[in-house]
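I set out to record what I looked up in one structure. The entries run from the whole chain to single residues.

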Amino acid sequence: MNIQKVTDASFRKYGKIISDVDCTQLIAEMAKTPAPDEVIYVPSAAELEALPVYQELRDRVYGGMPIQVGYCNGSNSKLNALEYHRDSEVNVACTDLILLLGSEQDMDPETLEYDTAKVEAFLVPAGTVIEVYGTTLHYAPCNAGGKFRCVVVLPKGTNESLPFQVEKKGEDALLFAVNKWLIAHPESGLEKDGAFMGLKGENLTV
């Protein structure tokens with residue numbers, strides 16, 4: 001797999017680098033969080049949200065919207081699924097990590113399926129802060145030489161359990177959690193959780 005860099009022009013359709021927010025304290029606090037052999041995701045971590053950078057992310061990056069600051073840590077080498085939100089997601093790479101990305105615009109408009117051959121891989125070096133656009137398909141990071149730690153900033157409530165029932169038809173079939181539309185690969189094991197099996201092609205490995 002060709003692994004590009006977030007500094008490459010090819011990343012611009014997926015997101016951008018945020019260079020004017022100092023996340024030094026955030027990265028230092030993240031060193032205390034667990035990084036198991038599997039992937040863990042914590043949507044909202046009080047110890048991260050207590051840092052001064054929380055207000056800066058809320059006010060300057062999200063324009064005053066209520067936000068949550070959590071993390072996705074662990075070890076992963078597979079695509080497994082892709083998700084999207086109705087807004088941007090901010091990631092702070094506390095270690096080197098690789099993101100597998102696609103475009104919502106490339107989903108089949110009739111079936112809502114997505115061909116994994118269109119996925120692109122990008123290395124995010126440790127210390128880099130990026131915005132991942134709302135139309136960018138993404139999921140858990142992959143290893144880049146070791147276990148990863150990644151800060152995940154999203155509007156408050158994102159990825160919580162849905163407080164209502166949806167009819168599994170059209171795009172509603174992809175609605176997996178609050179503000180989370182998910183397309184999974186048949187090899188992911190997510191079918192048991194009710195995920196939409198819409199990734200076609202190889203379950204990519206980094």
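**Entry 1. Conventions.** I worked on a predicted model, in which local features need pLDDT of at least 70, side-chain atom pairs count only at pLDDT 80 or more, and totals for chains, interfaces and linings use all residues. I numbered residues from 1 along each chain as its sequence is written, and I took side-chain values over heavy atoms, with hydrogens and water left out.

**Entry 2. Overall fold.** I found three helices and 17 strands in the chain; helices (H or I, at least four residues) and strands (E, at least two) are DSSP runs, numbered from the N terminus. The chain has a radius of gyration of 16 Å, close to the 17 Å that the globule rule gives for 206 residues, so it is as compact as a globular protein of that length. For this I took the radius over C-alpha atoms, and the globule rule as 2.2 Å times the number of residues to the power 0.38. Along the principal axes, the C-alpha atoms fill a box of roughly 45 × 40 × 30 Å.

Entry 3. Buried means under 20% relative accessible area, exposed over 50%, and partly exposed in between (1.4 Å probe, protein chains only). The accessible surface comes to about 9,600 Å², and carbon and sulfur atoms hold 49% of that; the areas come from the Shrake-Rupley method with a 1.4 Å probe, and for residues only the protein chains shown count as cover. Of the contacts between residues at least 6 apart in sequence, 77% join residues at least 24 apart, where contact means heavy atoms within 4.5 Å.

**Entry 4. Charges.** I located the mean positions of the 18 positive and 30 negative charges and found them 2 Å apart. Lys and Arg count as positive and Asp and Glu as negative, while His and the chain ends are not counted. Each charge is placed at NZ of Lys, CZ of Arg, CG of Asp or CD of Glu.

**Entry 5. Salt bridges.** A salt bridge requires a side-chain nitrogen of Lys or Arg within 4 Å of a carboxyl oxygen of Asp or Glu, and by this rule I count 11.

- Lys-16 and Glu-131 form one of them at 3.8 Å, N to O. Lys-16 lies in strand S2 and Glu-131 in strand S10 (residues 129-132), so the pair ties together parts 115 residues apart in sequence. Lys-16 is partly exposed at 42% relative accessibility, whereas Glu-131 is buried at 15%.
- Glu-171 and Arg-86 meet at 3.1 Å, N to O. Glu-171 is in the loop between strands S13 (148-155) and S14 (175-177), and Arg-86 in the loop between S5 (81-84) and S6 (89-93), so this pair ties together parts 85 residues apart in sequence.
- Asp-193 and Lys-192 meet at 3.9 Å, N to O. Salt bridges that share partners also join Asp-20, Glu-56 and Arg-60 into one network.

**Entry 6. Two threonines.** Is Thr-158 buried or exposed? I find Thr-158 buried, at 2% relative accessibility, in the loop between S13 and S14. Beyond neighbours within four places in sequence, Thr-158 is in contact with Pro-43, Gln-68, His-85, Val-178 and Asn-179. Thr-7, in the loop between strands S1 (3-5) and S2 (15-17), is exposed, with a relative accessible area of 61%.
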